[in-house]
Amino acid sequence: MTSREQPTSETDERLILETDGLTKRFGGLTAVDDVDFELPEGELRCLIGPNGAGKSTFLKLVTGAHSPTSGTVRFDGEDITGLEPHDRVRRGMSLKFQQISTYQALTVEQNLRVPTQRIRSGQEATDRVEELLDIIGLSDRRTERAGSLAHGDQQWLEIAMAMATDPKLLLLDEPTAGMTVEETQETGELIQDLVDEGVTILVVEHDINLVRQIADRVTVLHQGRIFTEGTVEEITADEDVKRIYLGKAAEGSA
Ligand code: ADP
Ligand code: MG
């Protein structure tokens, strides 16, 4: 068997995202180092790893915010390595950043209308906005200004905005950063509801309890490389994974 053959029987599963030798250098630092990554359609994958492992940089290579030093990105069966970020969005890729990017002065509903109207108009747009308000539980607070929302609600609004264009792939970079335990748990439920809508999700997450709650599979990144991949059970039982986290324990993450 050649190295390209899959060891599993699921060789017919469709890949929504695939990177081949993906590498990003910043001067002398290799932030993402020769990453071969595969994400089958419909999966909820968590990407974890210590601070500085290259998780955010990897997501930025996928969205086109950074161009790779070398390697390729395939999305939905096509090589998109040279495409601009907006072309990737148009093809069905959506990203929620770590930083808040709602329109603070607009209402919750207006924030959802902006991205929804990129692909829908009239009653269809109105219906989709209603659905999204319902998914994030903000229907009765639609007239509140986004800037006045609590941190957790604001994050959920952003996730809904990212879903407004019916993406095939949703990328979430630390969606629970700064959230309470309760908000984190609710975010997990929200993310699982989105999977039921048919979107494939790749989420960078530092809270291992949330990873346990939601992940189909986990990819561990360390020093820019894929350290290991597996089910949550496999990953959390892995002594080498514990070791790379313990090495960073003083920073209080993981
Ligand atoms: P993570 O999200 O896993 O914490 P990052 O992808 O943010 O890690 O960063 C990986 C490494 O790349 C870190 O050492 C970081 O300092 C470096 N890095 C990230 N972005 C840049 C940049 N724009 N310029 C230079 N170095 C960067
Ligand atoms: Mg990061």
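The questions and answers below go through a predicted model, starting with its sheets and ending with its salt bridges.

Local features need pLDDT of at least 70 and side-chain atom pairs count only at pLDDT 80 or more, while totals for chains, interfaces and linings use all residues. Residues are numbered from 1 along each chain as its sequence is written, chains are lettered from A and ligands numbered from 1 in the order in which they are written, and side-chain values use heavy atoms, with hydrogens and water left out.

Me: In what order do the four strands of the open antiparallel sheet stand?
Reply: Helices (H or I, at least four residues) and strands (E, at least two) are DSSP runs, numbered from the N terminus. Two strands pair if DSSP finds at least two bridges between them. The edge strands of this sheet, each pairing on one side only, are β2 (29–40) and β5 (78–79). The order is β2-β1-β4-β5.

Me: How many bridges join β1 to β2?
Reply: The two strands run antiparallel. Phenylalanine 26 has leucine 29 in β2 as its bridge partner, and leucine 15 has proline 40. The number of bridges joining β1 to β2 is eight.

Me: Which residue takes a positive phi in the hairpin of β1 and β2?
Reply: This hairpin has two residues between the strands. The phi in question is near 55°, and the residue is glycine 27.

Me: What angle does the direction of helix α1 make with that of β1?
Reply: Helix α1 (residues 55–63) packs on the sheet and touches β1, β2 and β4 (70–75), where contact means heavy atoms within 4.5 Å. Axes are lines fitted to C-alpha atoms, for helices over the stretch in contact, and angles run from 0 to 180 degrees between N-to-C directions. The angle between α1 and β1 is about 115°.

Me: How far from lysine 24 is the nearest side chain of opposite charge?
Reply: Lysine 24 is in strand β1 (residues 15–26) and is buried (under 20% relative accessible area; exposed is over 50%, partly exposed in between; 1.4 Å probe, protein chains only). Lys and Arg count as positive and Asp and Glu as negative, with His and the chain ends not counted. Lysine 24 has no salt bridge, which would need a side-chain nitrogen of Lys or Arg within 4 Å of a carboxyl oxygen of Asp or Glu. The nearest such side chain is glutamate 84, and the distance is 13 Å.

Me: Which residue has its backbone oxygen 2.8 Å from a polar atom of the side chain of lysine 24?
Reply: Leaving aside neighbours within four places in sequence, lysine 24 is in contact with residues including Leu29, Thr57, His66 and Pro68. The backbone oxygen at 2.8 Å belongs to serine 67.

Me: Which residue forms a salt bridge with arginine 14?
Reply: Arginine 14 lies in the segment before β1, and its partner is in the loop between β4 and β5, so the pair ties together parts that are 62 residues apart in sequence. The closest N and O atoms are 2.2 Å apart.

Me: What is the relative accessible area of arginine 128?
Reply: The side chain of arginine 128 meets that of glutamate 197 in a salt bridge (3.3 Å, N to O). Arginine 128 is in helix α4 (residues 122–135), and glutamate 197 is in the loop between α6 (181–196) and β8. Glutamate 197 counts as partly exposed at 38% relative accessibility. Arginine 128 is buried, and its relative accessible area is 5%.

Methods:
A polar contact is a pair of N or O atoms within 3.5 Å; within protein, one must be able to donate a hydrogen and the other to accept it, and residues adjacent in sequence count only if both atoms are side-chain atoms.
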